[in-house]
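Please keep the sequence and the model in view while reading.

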Amino acid sequence: MNEVVATRSPNVPTQDSPSLPAASGSVLQRLPPRPAPAIGVAILLLLLACAVVPAWIAPFSPLSFDYRALLRPPSLIHPFGTDNFGRDLLSRVIWATRIDLQIAIFATLFPMLFGTFAGCLLGYFGGLPDALFRRLVDVIITIPFVVLVIAIVAVLGPGLTNMYLAISAVGWIVYARLVRAEVLAQKRLDYVAAGRVMGYGAPRIIFRHLLPNVAPPVVVFWMTDMALAILLGSSLGYLGLGAQPPTAEWGVLIADGKNFITTAWWMSIFPGLAIVLAGIGFSLAGDGLAAWLRRRG
């Protein structure tokens, strides 16, 4: 006589193996598998809010002096403390977000657009312009990017406009090099040959077929480049070549606090943390965008 052995299904709850409530299971299923991109987007939304409506968020004016509250440490009234003029540091950090996000966009938007356009043309047509571009890249990569930007700003003069011009004059080469390599790989594929057989002109092949396929890595790199632009803009502001006082900018705030680092550490620490937070936000959001584009591809 065969003996029947009772088995338990791992999905059926029993008296000695309690199960999670159905509501809890559904909540766990709805959680994103990778919360890091969501954190990055939340950080960027917070920075965007500080940049768009700083007057609604900052508790004080960034330029109002209070000589009765010089170099006050962090407190309930001044969570980030005050500077050597009695200005509320939290308010100045919040208002500085507008300048630094402006740097992130304006210092990278033109290089991205022009570099993408130039890279598409160079990669598709090749020839003498492409050869000259390769020689230009060989020269540029031998000199550190920051040194080139500092040299150009030193010639043009300090200020945000000259800083944008200096970064754009060098930054487009990086995008053009990236797009050129992508176009060289894409134009060997069958869909480009099919377009030529069908009589499509070069502008249609480049901008309606090649460009959509090379755009995703460019957008992902742009997200990372905006974080680097904030770091570069803050570095130039620290050196006195970017935003000029009394404009609130994170690099300028760090430079203001360098002489008080032993007695008023908060003057440099909190603007530095803001730079780190912005870098984390752009990096996490860029990683999430890259993963989303890979899944779509």
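Of the 297 residues in the protein chain, 40% are buried, where buried means under 20% relative accessible area, exposed over 50% and partly exposed in between (1.4 Å probe, protein chains only). The model is a predicted one, in which local features need pLDDT of at least 70 and side-chain atom pairs count only at pLDDT 80 or more, while totals for chains, interfaces and linings use all residues. Residues are numbered from 1 along each chain as its sequence is written, and side-chain values use heavy atoms, with hydrogens and water left out.

The secondary structure of the protein chain consists of 11 helices and zero strands; helices (H or I, at least four residues) and strands (E, at least two) are DSSP runs, numbered from the N terminus. Among contacts in the protein chain with a separation of 6 or more, 71% join residues 24 or more positions apart, contact meaning heavy atoms within 4.5 Å.

Axes are lines fitted to C-alpha atoms, for helices over the stretch in contact, and angles run from 0 to 180 degrees between N-to-C directions. Residues of H6 including Phe145, Leu148 and Ile152 meet residues of H7 including Met163, Ala166 and Val170. The residues of this contact of H6 with H7 comprise 12 nonpolar, two polar and no charged. Here Ala, Val, Leu, Ile, Met, Phe, Trp, Tyr, Cys and Pro count as nonpolar, Asp, Glu, Lys and Arg as charged, and the others, Gly among them, as polar.

Helix H5 (residues 127–140) also meets H7: their axes come within 11 Å and cross at roughly 125°. H5 and H7 are therefore oblique to each other. On the H5 side the contact includes Asp130, Phe133 and Arg134, and on the H7 side Trp172, Ile173 and Arg177. The residues of the contact of H5 with H7 divide into eight nonpolar, no polar and four charged.

Serine 168 also lies in helix H7. Serine 168 is buried, with a relative accessible area of 9%. Apart from neighbours within four places in sequence, serine 168 is in contact with Ala107, Phe110 and Pro111. The C-alpha atoms of serine 168 and threonine 108 are separated by 7.1 Å, although these residues are 60 residues apart along the chain.

Terms used:
Angles under 35 degrees count as roughly parallel, over 145 as roughly antiparallel, 65 to 115 as roughly perpendicular and the rest as oblique.
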